[in-house]
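This note is meant for a colleague who is opening the structure for the first time. The points below may be read beside the sequence and the model.

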Amino acid sequence: MSLLLKRLVITGLGLFGALMVWPFLLFIQSAQSAFPGYLSFSVVQGAFLGLVYGALFGSIEGIVVSSRTKAFKGILFGMILGIGFGVMGVVLGQTFLFYAAGLIVEVEGVTRLILVAFANGASWVIIGMCLSMIEGLRSLSLRRILVGLWGGMIGGLIGGFALQLVLAYKPGNGVALLVGLSLFGLSLTFFYSLFEQGFSLGSIKLLNGPLRNKEYSITRNRMSVGTKDSCDIVLTGYRDIKDVHAFLITKKGRISLVAAQEGNPVKVNDENRSECSLRREDVFAIGNAKFMYGFFSMGV
């Protein structure tokens with residue numbers, strides 16, 4: 001999977017999430033009269049949306065590294081955090097809307113419609129920021145938390161505004177809800193993937209074996225490589241590779257390949273090395289898996 005294809009997959013998950021959420025939100029809205037108040041009604045919607053998108057963001061890393069175990073654990077982690085983030089986003093958004101109401105009632109026409117859309121969109125900004133940080137929180141990576149923070153803030157702002165604007169023009173319309181959710185999901189995941197590349201320190205590309213041409217962004221200061229599912233880069237189907245075989249360590253903008261323990265077969269440009277700083281287009285081997293270090297963002 002190239003980095004471009006990875007971006008398309010992540011963005012596609014945003015649309016998939018909208019398709020999953022849509023029928024359930026329609027059902028919840030049809031039962032609005034059964035809720036004691038508008039806040040509880042909104043909280044349930046926020047919790048369910050958070051659950052779905054939390055699961056999707058939690059699964060991204062497992063999908064990228066082709067690890068079912070990591071994807072499954074990420075889904076569970078994301079669902080739990082997602083419910084809480086969804087509820088928190090709704091509550092804070094409703095609080096913001098309450099204080100903004102005084103300004104909104106003083107205007108009319110299209111301006112009022114836009115202000116209402118922005119005010120209601122505050123919930124989506126908060127939800128988007130929190131959900132996009134799930135992978136960073138799971139991996140305890142500050143860089144990935146920042147990716148989620150910025151991607152979620154901008155994606156949530158644009159997508160949330162588009163969603164609320166569509167619903168304002170077509171209130172109570174099920175198709176409009178689907179269109180709005182799709183715009184939100186696509187915006188959120190697109191900007192997440194965009195900032196992930198922007199925060200990347202480079203990438204490595206597999207040159208051989210069953211995962212040939214698969215690419216990995218370097219988005220952490222310490223990334224583990226091995227056969228263990230908890231590794232950042234999971235190598236299945238390759239020989240002479242330990243559970244945790246090596247690390248890619250970033251210091252002062254330079255990336256080094258370091259063997260996890262003495263005796264692990266690691267080579268850089270066909271030379272045996274236990275530790276080596278990487279330069280662009282260096283070829284290194286971990287076991288019998290060969291990689292090239294550089295930037296590979298255009299090819300599929």
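1. Strands β5 and β6 form a hairpin with two residues between them, and lysine 252 in the turn has a positive phi of about 55°. Strands here are DSSP runs of E of at least two residues, and helices are runs of H or I of at least four, numbered from the N terminus. The model is predicted: local features need pLDDT of at least 70, side-chain atom pairs count only at pLDDT 80 or more, and totals for chains, interfaces and linings use all residues. Residues are numbered from 1 along each chain as its sequence is written, and side-chain values use heavy atoms, with hydrogens and water left out.

2. Strand β5 covers residues 246-251 and pairs with β6 in the antiparallel sense over six bridges; two strands pair if DSSP finds at least two bridges between them. Alanine 246 has alanine 259 of β6 as its bridge partner.

3. How many of the six residues of β6 are buried? Five are, so this strand (residues 254-259) is largely enclosed by the rest of the structure. Buried means under 20% relative accessible area, exposed over 50%, and partly exposed in between (1.4 Å probe, protein chains only).

4. Strand β6 also pairs with β9 (residues 275-277), antiparallel and over three bridges. In this pairing, valine 258 stands opposite glutamate 275 of β9.

5. Strand β10 (residues 283-286) has pairings of its own. With β7 (residues 266-268), β10 forms three bridges in the antiparallel sense, and valine 268 has phenylalanine 284 as its bridge partner. With β11 (residues 289-294), β10 runs antiparallel over four bridges, where isoleucine 286 is partnered by alanine 289. The hairpin of β10 and β11 has two residues between the strands, and glycine 287 there takes a positive phi near 65°.

6. A search of the whole structure finds two cavities of 30 Å³ or more. A cavity is a set of points, on a 1 Å grid over the protein atoms alone, where a 1.4 Å probe fits but cannot get out; lining residues have an atom within 4 Å of a point. The second largest cavity holds about 50 Å³ of space, a volume being the space filled by probe spheres set on the points, which are joined across faces, edges and corners. Its lining includes Lys6, Glu61, Arg144, Tyr216 and Asp232. The elements giving two or more residues to this lining are α2 (38-64) and β2 (215-217).

Note on methods
On a 1 Å grid over the protein atoms alone, a cavity is a set of points where a 1.4 Å probe fits but cannot get out, and a pocket is an open set with protein on both sides within 12 Å along at least five of seven lines; lining residues have an atom within 4 Å of a point.
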